[in-house]
Amino acid sequence: QTMSTKSPDITVELTGLDGNAFVVLGRCRQAAQQADLNDDQIAAFMAEAVEGDYDHLLRTAMLWFNCA
């Protein structure tokens, strides 16, 4: 992976999810909150994640977090 992850210490388990975009967003938000990211950081992730299609959402999640 050539891009560096913004929060590599935050792991988001996406394997085995039903793939619903809302489930992915919820899992990422929950992991960010548990890792004590501030509200502005979480809002920035959410805004970036929903500005494109489903593939963009997944790429954004992988850019921000360590997705497993």
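Tutor: Helices are DSSP runs of at least four residues and strands are DSSP runs of at least two, both numbered from the N terminus. Keep in mind that we are looking at a predicted model.

Student: Thanks! In what order do the elements of the protein chain run from the N terminus on?

Tutor: Let's start with the tally: the chain has 3 helices and 2 strands. Reading from the N terminus, the order of these elements is β-α-α-α-β.

Student: How does the radius of gyration of the protein chain compare with what the globule rule gives for 68 residues?

Tutor: The C-alpha atoms fill a box of roughly 25 × 25 × 20 Å along the principal axes. For 68 residues the globule rule gives 11 Å, and the chain comes close to that, so it is as compact as a globular protein of that length. Its radius of gyration is 11 Å.

Student: What share of the contacts with a separation of 6 or more comes from residues 24 or more positions apart?

Tutor: A contact here means heavy atoms within 4.5 Å. Among contacts with a separation of 6 or more, we pick out those joining residues 24 or more positions apart, and their share is 58%.

Student: Let's zoom in on one residue. Is Ala32 buried or exposed?

Tutor: First find Ala32 in helix α1, which spans residues 21–34. Buried means under 20% relative accessible area. Ala32 has 2%, so the word for Ala32 is buried.

Student: Now the rings! Which residues do ring pairs link into a cluster?

Tutor: The whole structure has 3 aromatic pairs. In one of them, Phe45 and Trp64 sit edge-to-face, 5.6 Å centre to centre with 65° between the planes. Phe45 also pairs with Phe65, with centres 5.1 Å apart and planes at 65°, so this pair is edge-to-face as well. The cluster is made of Phe45, Trp64 and Phe65.

Student: Which elements hold Phe45 and Phe65?

Tutor: Phe45 is buried, and Phe65 is buried too. The pair ties together parts that are 20 residues apart in sequence, because Phe45 lies in helix α2 and Phe65 in strand β2.

Student: Which residue forms a salt bridge with Glu48?

Tutor: We need a side-chain nitrogen of Lys or Arg within 4 Å of a carboxyl oxygen of Asp or Glu. The count comes to 1 salt bridge. Its closest N and O atoms are 3.7 Å apart, and the partner of Glu48 is Lys6.

Student: How many residues apart in sequence are the parts that this pair ties together?

Tutor: Glu48 belongs to helix α2 (residues 39–49), while Lys6 comes in the segment before β1 (7–12). Lys6 is partly exposed, at 46% relative accessibility. The parts that Glu48 and Lys6 tie together are 42 residues apart.

Student: Last one: why is the sulfur of Cys67 too far from the closest cysteine sulfur for a bond?

Tutor: A disulfide needs two cysteine sulfur atoms within 2.5 Å, and the search of the whole structure finds 0 disulfides. Cys28 is buried at 0% relative accessibility, whereas Cys67 is partly exposed at 24%. The sulfur of Cys67 is too far for a bond because its distance from the closest cysteine sulfur, in Cys28, is 5.5 Å.

How values were computed
Residues numbered from 1 in each chain as written. Predicted model: local features only at pLDDT ≥ 70, side-chain atom pairs only at ≥ 80, totals over all residues. Heavy atoms only, no water. Buried < 20%, exposed > 50% of the residue type's maximum accessible area, 1.4 Å probe, protein only. Phe/Tyr/Trp six-rings, centres within 6.5 Å; stacked < 30°, edge-to-face > 60°. Rg over C-alpha atoms; globule rule 2.2 N^0.38 Å.
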